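Welcome! Below is a short briefing on one protein, with its sequence and structure to look at as you read.

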Amino acid sequence: MGHAIRQLSLLAVAAGLLWVAAPALSTTPYMPAAVDFSQPLQGAEAVGPEGKVDGRAGEGPVTQRSAVVEAPMRFDLVGLAGERRPLEIRARSVDGAWSEWAEIANGDPLYVGGASFAQVRARGWRPEGRLHYVNVSGTTGAADSALTGVRRALSSAFVSASALVSPQAEAAVGKPNFVTRKDWGADRDQGGCHPRTSPSYGKVKAVAVHHTVSVNDYSVAEAPGIVLGICRYHRNGNGWNDIGYNALVDRFGTLYAGRQGGLDRAVVGAHAQGYNATTAGIASIANHTSTPPSGATLRGLSRYLAWKLSLHGRRAKGKTTVISAGGAQNRHPQGKRVTIHHIYGHGKVDYTACPGDRLRGRLRQIRSKTARRMESD
């Protein structure tokens, strides 16, 4: 009897271990299922001046601030659904400290990597609507967090991390390696990010550089989930067709395929209001308000830019003229001819602080690195 009980106990343990391990035993990196949810933003109230920003977006003192909002469950990304005007959000976990206030605009979310409370403030307007959240970590509590950690550790034993972050060995203007939409979770039947409709195509005369206003200390394992979370927020929170960017790059230099339709084609995104039909957009997964881009990020940006611009017959250091299609967040009225660099910062054309002072200050260097890469081919 005792022997039989021991065998049953061993079988139960083995079954439990298999249940824990099974989702991670795949040739693709383990990612928990993503979940979206939302709730009304508590009414914002007028407040006194709380300092000024740099004048590029959200100008003047803070004028409105919401109450602290407790989310229905833990979240990793948060934003005000469908809102393109500049606003600021901060977040905290149950037992943690508040994050710094971070400015978001153009319909982007804030990635905080696990929080339970949020608060919103604005400068010059009253924020209203619904907070839209995305949970991509699969962690709603301590037990979930531990389980996710174990599965990610097991997954790393089956999937070589170098496949996502290894140095590029392609020719100077050859197509870089990308983490595909399948590998960052877009193609999943449940918890993925499928486009609403077929892509539209335009013309690439320039490429806009963005930052996603994410935390800057995420891990290799977290990065694909951040991309999935941004896509789900853009699609489900804003009602867009798909993720807004054509490509993204993380702090390790890894490039990610963005909006569906072909990386080598002029897919119309939703990254720069009024200029989406004539430009492409790539976003650094980081907050570059005060943190400079890593060397790996700069290399990833130059690889993409050299390849993308060469495909569309553009020089790294050239300029072009585009015609504004208008829009509330556009700096220029509809029909105005606007001259921009072939590689330009988002804030050049729209009312936003994107791509952050520390990345904006590197655009000249990025143009030079891209030009050298294109010329060495």
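What share of the contacts in the protein with a separation of 6 or more comes from residues 24 or more positions apart? Such residues account for 74% of those contacts, where contact means heavy atoms within 4.5 Å. This is a predicted model, in which local features need pLDDT of at least 70, side-chain atom pairs count only at pLDDT 80 or more, and totals for chains, interfaces and linings use all residues. Residues are numbered from 1 along each chain as its sequence is written, and side-chain values use heavy atoms, with hydrogens and water left out.

**The protein as a whole**
- You will find seven helices and 16 strands in the protein; helices (H or I, at least four residues) and strands (E, at least two) are DSSP runs, numbered from the N terminus.
- Of its 377 residues, 52% count as buried, meaning under 20% relative accessible area, while exposed is over 50% and partly exposed lies in between (1.4 Å probe, protein chains only).
- The accessible surface comes to about 16300 Å², and carbon and sulfur atoms hold 52% of it; the Shrake-Rupley method with a 1.4 Å probe gives these areas, and for residues only the protein chains shown count as cover.

- Six strands make an open sheet with mixed pairing, in the order 9-12-11-13-10-16; two strands pair if DSSP finds at least two bridges between them.
- At its edges are strand 9 (178-179) and strand 16 (343-345), each pairing on one side only.
- Strand 11 (residues 247-249) and strand 13 (residues 279-284) run parallel and are joined by three bridges.
- V249 has S284 in strand 13 as its bridge partner.

**Helices across the sheet**
- Helix 5 (residues 295-311) lies across strands including strand 10 (206-211) and strand 12 (255-257), and runs at about 165° to strand 13.
- Helix 7 (residues 363-375) lies across strand 10 and strand 16, at about 160° to strand 16.
- For these angles, axes are lines fitted to C-alpha atoms, for helices over the stretch in contact, and the angles run from 0 to 180 degrees between N-to-C directions.

**Cysteines**
- The structure holds one disulfide, a pair of cysteine sulfur atoms within 2.5 Å.
- This disulfide joins C193 to C231, with an S to S distance of 2.0 Å.
- It links distant parts of the chain, 38 residues apart: C193 is in the loop between strand 9 and strand 10, and C231 is in helix 4 (residues 223-237).
- The torsion about the S-S bond of C193 and C231 is about -85°, so the disulfide is left-handed.
- Both C193 and C231 are buried.
- C354 is buried too, with a relative accessible area of 7%.
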